[in-house]
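Hi everyone, thanks for coming. Let me put the structure up on the screen, and then I'll walk you through a few parts of it.

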2 protein chains.
Amino acid sequence: MAIDSLETPFGKRPRVFGGSATYFSFGATFLTPVALAAVVGKDFPEEYRRVLKERPIDLANLEVADGETFFWRGKYGLDLNSAQTLETRLNVLADFNPKLAFKKKPDYLFLANVDPVIQGRVLDQLAKPRLKFVAADTMNFWIANKLKELRKVISRVDCLVLNDGEARQLTGESNLIRAAQRVKEMGPSRVVIKKGEHGVLLFDEDSFFALPAYPLESVFDPTGAGDSFAGGMMGYLASTGDLGFQNFKKAIAWGSVVASFTVEDFGLEALRKIRLPDIKERLAIFRKISTF
Amino acid sequence: MAIDSLETPFGKRPRVFGGSATYFSFGATFLTPVALAAVVGKDFPEEYRRVLKERPIDLANLEVADGETFFWRGKYGLDLNSAQTLETRLNVLADFNPKLAFKKKPDYLFLANVDPVIQGRVLDQLAKPRLKFVAADTMNFWIANKLKELRKVISRVDCLVLNDGEARQLTGESNLIRAAQRVKEMGPSRVVIKKGEHGVLLFDEDSFFALPAYPLESVFDPTGAGDSFAGGMMGYLASTGDLGFQNFKKAIAWGSVVASFTVEDFGLEALRKIRLPDIKERLAIFRKISTF
């Protein structure tokens, strides 16, 4: 969980509620409850906690540690496809060592983007008895600086979710089909490559699926798009309980629609406003405009 | 029609047969005959003429002028999405003033990328009686240097086909949906925006369609992709005679598949090798991998 200071060509938002786990949870809870595991600092505003309570988000594993909440300051240029990081303060995330306790162990686990050492600790505590489905996200920083630890996590998950640049960086392959093949050789049977405004690719053992992004006239803030996409995807899979390829395609489309709302406003604003029928309506349009 | 010297990360091909009209014709003639209007120089190899005769391409309006054939030398980097022009010699294209004569006037006209003054001259000779459907392509050079003439051509066509960078340059809108809206305000009721490896967008008065590119593991040479796409699209429209939006979507998918073959080999090589069943087979796969 994070406090973000955002700047896009359409405005500035200092210190808004963000973080992978936050966007993921808001993306997923349209369809399924989420048990969140994260750390925040003593500065974590009571107001943010109230925001989390708008949704079926179990906060039992939300740890409050001495220190400040993770802080990120970033800026987007006109193309909005890539963020420029101006400042990162790990703060309480630097020493996060989650001690998880669940009333009922979840069947579906998503390891949001964080130090792969922490992702590994979460996996250790939940891997047995076997989870139904585990997916993980990562980012360029961990590929560059903790590749060994990251590769270990990747070898233990069913699905890796990453963007096109990360896929190329991780595998050394510029072609995304070959990059996905290399990722599968590292362990996961499924790979999801997010391409921002250009859509998403899904690969399993021997099939693939390509989907454009939902076309938007106004994109205000791409922050959280990828995390809420993953939330939508995981929420769809968990709520249907069907991990078959056909249903996975639908999960990808669902996640894409959720993300399309995210970027239409700053921070969490759009995700807080929309309701299930909004997603369903847009999904029906999406199907129409992407089928020939 | 052109002689191209190509360089990609996968090899060099000095002086191969190319040009918008060439790729367009090869893309279209899987489904329909083409009456080509173009100019070449006295250096135009007899061998190229034989290549054209492999297909139902009427060469009655292929003019041979004093001088040399248009020459382009270009290079692609690893991302293969944009060409770097190293040399352009207009040669006989500089003074091309087509005098068209058809046994039977065509119903469908595609104005391939060339000086808009020349596109206008072709339109003047064919516009009456009214054509069934006119589409045009263009490029950054004409947007920058002959905008007034280009706007006049655009105002006279039913459909403008251009790539994402050109759409942004022509309209000053970075968002492609808004850019397409601006293009429609210039005259065409349909706009096709090509995004290379990221697929294509189609806009008509009140609908749109988004399609990813056919995913390819090996791209060798993007030269001619856009022109053969347009050829496939126009060939599909002309052979079905149906300009409705649903059929236009299929034409876009057909064009995308034709282009996917083009880039798998250098120059015209792949297009010369494949046959109609190859396109149909890939189209069936494409439908499967892009439908959820």
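**Where the chains touch, and two packing details**

So, the interface: 25 residues of chain B are in contact with 25 residues of chain A, contact meaning that C-beta atoms, placed from the backbone, lie within 7 Å. This is a predicted model, where local features need pLDDT of at least 70, side-chain atom pairs count only at pLDDT 80 or more, and totals for chains, interfaces and linings use all residues. Residues are numbered from 1 along each chain as its sequence is written, with chains lettered from A and ligands numbered from 1 in the order in which they are written.

On chain B, helix 7 (176-185), strand 12 (208-211), helix 9 (245-262) and helix 11 (276-289) each supply at least two residues of the side touching chain A. Helices (H or I, at least four residues) and strands (E, at least two) are DSSP runs, numbered from the N terminus.

Now the sheet in chain B: 6 strands form an open, mixed sheet ordered 7-8-9-10-11-12, where pairing takes at least two DSSP bridges. Strand 7 (108-111) and strand 12 of chain B are at the edges with a single partner strand each, so one side of each lacks a neighbour in the sheet. Strand 7 of chain B pairs with strand 8 (residues 133-137) of chain B in the parallel sense, over 4 bridges. There, B:Leu109 stands opposite B:Val134.

Lastly, over in chain A, the axes of helix 1 (residues 20-28) and helix 8 (residues 225-240) come within 7 Å and cross at roughly 40°. Axes here are lines fitted to C-alpha atoms, for helices over the stretch in contact, and angles run from 0 to 180 degrees between N-to-C directions.

Definitions and conventions
Two residues are in contact if their C-beta atoms, placed from the backbone, lie within 7 Å.
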